[in-house]
Amino acid sequence: MLIALVATCVSAFAQDTYVVAGVSALCGSNWNATDPNNQMTLQDDGTYVKTFTNVAPATNYQFKVVKNGSEWIPSGDNKSFDVATESDVNIYYNPVNNDITWTITPKAFEVNKVVVAGNGSENWLNGAVWDVNADANKMTEVADLVYEITYQNVPAGDDYQVKFALNGAWTDNFGGTFEGSGVETNANYNSSGNILLSFANESNITLRLDLSNFNYDTKNGAKMTITIENAVAAAYYLKHAWGGGEATWQPLQLNDDPKYAYRNGDDVIEWGYFTEGVYGETGCYANSTASDEGSTWFGNPVLHGNPTLGRTCRFTYFPEWGRVYIIDTTVPTAITDVKADSNRAVKLIENGQVVIVKNGMKYNVMGAAVK
């Protein structure tokens, strides 16, 4: 009889279940006393634990422990805690004395791998399309929390899109704005926009993500650098403080647009070499190699439009003429290139000045007729 009574008591005790019920921001359900997702686990020491992962920063997370779906513990005020940064929260319950405790462990920022994901095609991203687990696009850790990858012979294009994805998921990713080849810019955590790239020649593309100063609490401090180099060696290079950053060399491509050529009347004197980049309010170095040695400094390049810090401009170098022109491509001139009665207005550089020719007449960038 005694053995049967003990067995019955043990059986009854073993049937007790404990569930954490509270606000939905913590529990997923709102004060649900029987939610199986929030059932506590018995530990070796006789206490129970429930772990909530990735709890967002907030104040006044309220909860109670519910025994067997009906007995709310404590019977009085709710338990509550605050979370300062994204954390894992362990809630403990001791059925012997009804003691409830908890621990808050801030989430550690761990990087197991970084993959470049985007609208892959051909040599770009090895053809993988928005694949955060593509091993072929896994970046190499070249220094502590600094990652790089290079793509060779990527065809010219104007709609390359990319992001950096961490740990094989979109949970932690970085986007941003490309501000010029070799220019270090902010990598934005969980950015809604993709990084957009365009280049006019077949190129080698190196992407670099620097997380060494990234603060997971503020989500700031990550940097990215994207370098675009012609797959075929460029004839000339310009060095400029693109966007106001550190001065770097960029390859130039041969200009084939007559409106940007150096002309005398209808005669093209020199086509020139150009690139597009973000203006940095400084002069430029020009050279036949990407090297300071033997380079020429142009402290006062010829400015047209309204080049200001941060604006995208067209940088053109005329090596024979010995000039550098910087044209603000975001500011329309008084006469733009249009077709009318089969006559096309064109912009060109004539005797060192930008002029517009239409219907045999010449105009300056303000629209005034010139001789």
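The following exercises, each with a worked solution, concern a predicted model of one protein chain.

Residues are numbered from 1 along each chain as its sequence is written, and side-chain values use heavy atoms, with hydrogens and water left out. Because the model is predicted, local features need pLDDT of at least 70 and side-chain atom pairs count only at pLDDT 80 or more, whereas totals for chains, interfaces and linings use all residues.

**Exercise 1. Describe the chain as a whole: which secondary structure elements does the chain contain, and what share of its residues is buried?**

Solution. Helices (H or I, at least four residues) and strands (E, at least two) are DSSP runs numbered from the N terminus. On this basis the chain has two helices and 35 strands. Burial is judged by relative accessible area (buried under 20%, exposed over 50%, partly exposed in between; 1.4 Å probe, protein chains only). By that criterion, 41% of the 371 residues are buried. Next come contacts, defined as heavy atoms within 4.5 Å. Among contacts with a separation of 6 or more, 56% involve residues 24 or more positions apart.

**Exercise 2. Classify the ring pairs Trp-31/Trp-72 and Phe-214/Tyr-216.**

Solution. Rings of Phe, Tyr and Trp (its six-membered ring) pair if their centres lie within 6.5 Å; planes under 30 degrees apart are stacked, over 60 edge-to-face, and the rest tilted. For Trp-31 and Trp-72 the centres are 6.3 Å apart and the planes meet at 45°, so the pair is tilted. Trp-31 belongs to the loop between helix H2 (24–27) and strand E2 (41–42) and Trp-72 to strand E5 (residues 71–73), so this pair ties together parts 41 residues apart in sequence. Trp-31 is partly exposed at 26%, and Trp-72 is partly exposed at 31%.

For Phe-214 and Tyr-216 the centres are 6.3 Å apart and the planes stand at 85°, so the pair is edge-to-face. Phe-214 is buried at 11% relative accessible area, and Tyr-216 is buried at 9%. Both belong to a cluster linked by ring pairs, together with Phe-109, Phe-174 and Tyr-189. Tyr-216 also carries the charged end of Lys-219 over its ring, 4.0 Å from the centre (criterion: NZ of Lys or CZ of Arg within 6 Å of the ring centre and within 35 degrees of the ring normal).

**Exercise 3. Identify the residues that touch the most other members of the largest nonpolar core.**

Solution. A nonpolar core is a set of buried Ala, Val, Leu, Ile, Met, Phe, Trp, Tyr and Cys residues joined through side-chain atoms within 4.5 Å. The largest has 30 residues, and Trp-124, Phe-164, Phe-174 and Leu-207 touch the most other members. Elements giving two or more residues to this core include strand E10 (124–129), strand E13 (157–166) and strand E17 (203–210). Beyond its neighbours within four places in sequence, Trp-124 contacts residues including Tyr-151, Val-162, Leu-197 and Leu-207. Another core, of 18 residues, lies apart from it and includes Met-40, Phe-52, Ile-91 and Ile-100.

**Exercise 4. Locate the cis peptide bond and a positive phi in a residue that is not a glycine.**

Solution. Most residues other than glycine have a negative phi, and most peptide bonds are trans. The cis bond joins Ile-73 and Pro-74, with omega of about 0°; Pro-74 lies in the loop between E5 and strand E6 (79–83). Glu-122 has a positive phi of about 50°, sits in the loop between E9 and E10 and is exposed at 61% relative accessibility. Trp-130 likewise has a positive phi, near 50°; its place is the loop between E10 and strand E11 (140–143), and Trp-130 is partly exposed at 31%.
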